[in-house]
Amino acid sequence: MDAILQIVITGLTLGSMYALGSVGLALTYGTMGMFNMAHGVFMTFGAYASYTAATLWGVPLPFAILLGVMAGGFIGASMHLFIVRFMLHREDFQTTIMVATAGVAILFQDLILKQFGAYPFKQPAQIEGLYRIGNTVVTYQSLAIMATAAVLISAMAWLLTKTRFGLAIRATAMNQDAAKLMGVKTELTYLQVMIIAGTLAAAAGILISSLASLSPAMGTNPLIRAFVICVVAGLGSVTGAGLAAIALGVMEAAIGYYFGVRYGFPVMLGLVILVLIFKPAGLFGKQGVVRA
Amino acid sequence: MTALLSVTGLSSGYRQQRVLHEIDLEVPQGSVSAIIGPNGHGKSTLLKAISGLLPSWSGETVFDGEAMPNGAPERARRGLVLVPQGDQLFMGMTVEENLMMGAFARKDSGAIKASLEEVYTLFPRLLERRTQRAESLSGGERRMVGIGRGMMANGKLMMIDEPSLGLAPLIIEQIYEALNVLATGSRSIMVVEENPSRVANVASTFHLMDGGRFTWSGDADALAGSGDILKTYLGG
């Protein structure tokens with residue numbers, strides 16, 4: 001019983017970080033048909049930005065975290081304005097944008113390596129202390145991670161489903177031309193989507209680095225996980241990505257407990273192969289059926 | 001009377017392929033014009049170019065006394081409404097959400113409600129289906145949503161691209177009954193249709209398009225007396 005509770009808590013912590021890392025990726029894919037290979041670097045960027053602000057500039061921690069998150073939004077906006085915007089309406093966008101964003105990812109990873117070196121710094125956003133339920137340990141850090149992810153994801157869900165702004169995003173995602181005909185300024189919508197995705201990625205990066213540590217390559221594994229999650233959920237399904245992230249987080253915690261941590265990631269990758277064989281559109285995705 | 005829409009020397013096309021060759025067109029206020037002609041000769045391309053979905057290569061589009069900027073969203077916000085071919089609905093949204101998207105650029109919430117009532121009066125079927133997702137609708141119902149969504153914009157000119165495309169004869173009749181109702185109001189409408197007999201009773205001005213140019217224009221009487229021309233182009 002204790003073991004199960006511990007697995008659930010660890011799993012939910014992992015899952016909420018994964019969810020935060022994945023929903024932005026799902027949103028960009030769903031809206032623009034763009035698989036953003038630089039999404040992992042957005043996480044790294046956010047984590048280093050808040051580290052720099054807190055540790056090197058001495059900014060109070062809450063503001064440093066806020067700065068880190070905003071840095072993510074900024075880099076998302078920049079990538080859209082300087083790169084994506086010019087490629088968006090070209091042929092083969094889905095393929096070329098993967099190459100372009102992969103290039104951006106490599107560039108930024110190396111710039112961070114040059115500026116900070118490979119030393120694994122400690123993310124200052126730490127909350128000490130823990131809470132016991134029987135024999136089960138819940139660190140305040142885990143609680144903070146879960147709460148942060150829940151707040152940010154709920155905020156995004158509210159934005160997407162309840163506001164006019166979200167209506168424009170959903171309409172653009174479903175049918176770009178029709179959205180334009182309704183007066184939706186789709187170019188602006190794309191920019192906003194990139195800002196949201198960058199912001200969420202940076203927040204995920206800060207949370208991930210608070211458990212592990214900062215390193216220039218820290219975004220790589222979360223990106224692959226986010227990709228797996230999006231594929232399992234069905235590329236472009238934002239709600240699906242959130243649910244799949246939680247499920248995979250709990251699964252990874254269970255595998256880690258019963259078989260060893262090193263099996264968690266390979267099993268996840270095996271799962272994506274199975275899903276692609278038996279349910280190619282993903283668990284929440286729809287097969288593209290076109291009716292005239 | 002000044003024209004509501006006035007197009008001069010408009011050329012456009014896809015990539016390197018020019019489809020429209022210096023089109024001139026005037027649409028008067030409060031009338032129904034029809035663009036007829038065989039498939040693949042630029043009728044839909046013309047509507048796309050006027051709506052701003054396709055960039056104009058040359059020429060000018062003046063609408064309601066104002067030169068139109070590039071880009072579909074800007075033109076739509078100025079009241080130039082296109083009901084596109086194949087409906088282009090928001091498949092994951094409900095019927096009512098689709099209709100409300102038509103009013104996206106409007107701020108007058110009271111009048112939007114009135115427009116919605118108007119759509120439901122014209123298409124009672126949509127009221128029954130209002131909470132259903134667009135993807136679950138039949139072809140005829142989708143067309144109704146497409147036209148209703150165009151009505152919701154409350155624009156100054158409504159361009160409708162092939163309202164009969166891909167529908168069963170009985171449904172086509174229903175759709176044209178609805179268009180007749182719309183046409184009797186003070187609305188300005190431009191409709192594209194391959195088969196002139198369908199629009200003969202609805203429209204007052206006709207333009208025959210062939211090879212990206214207008215080869216004939218005239219009113220309803222001229223259309224009735226132009227059997228030879230129509231036969232040549234449409235194989236009547």
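Mentor: Let us begin with A:Gly33, which follows helix α1(A) and has a positive phi, near 65 degrees. This is a predicted model, in which local features need pLDDT of at least 70 and side-chain atom pairs count only at pLDDT 80 or more, while totals for chains, interfaces and linings use all residues. Residues are numbered from 1 along each chain as its sequence is written, and chains are lettered from A and ligands numbered from 1 in the order in which they are written.

Trainee: How many of the 31 residues of α1(A) are buried?

Mentor: A residue is buried if 20 or more other C-beta atoms, placed from the backbone, lie within 10 Å of its own, exposed if 12 or fewer do, and partly exposed in between. The rest of the structure largely encloses α1(A), because the buried ones among its 31 residues number 25.

Trainee: How far apart are the end C-alpha atoms of helix α1 of chain A?

Mentor: Helices (H or I, at least four residues) and strands (E, at least two) are DSSP runs, numbered from the N terminus. The expected span of a helix is 1.5 Å times one less than its number of residues. For residues 2-32 of chain A the rule gives 45 Å, which agrees with the separation of the end C-alpha atoms, 44 Å.

Trainee: What radius of gyration does chain A have?

Mentor: The radius of gyration is taken over C-alpha atoms, and the globule rule is 2.2 Å times the number of residues to the power 0.38. For the 292 residues of chain A, a compact globule would come out near 19 Å, and the value for the chain agrees, at 19 Å.

Trainee: Which strands of chain B stand at the edges of the sheet?

Mentor: In chain B, 4 strands form an open sheet in the order β2-β1-β4-β5, with antiparallel pairing. β2 (17-28) and β5 (66-67) each have a single partner strand, so one side of each is left without a neighbour in the sheet. Two strands pair here if DSSP finds at least two bridges between them. The edge strands of chain B are therefore β2 and β5.

Trainee: Which residue of β4(B) is the bridge partner of B:Leu5?

Mentor: Strand β1 (residues 3-14) of chain B runs antiparallel to strand β4 (residues 58-63) of chain B, and 5 bridges join them. The partner of B:Leu5 in β4(B) is B:Phe63.
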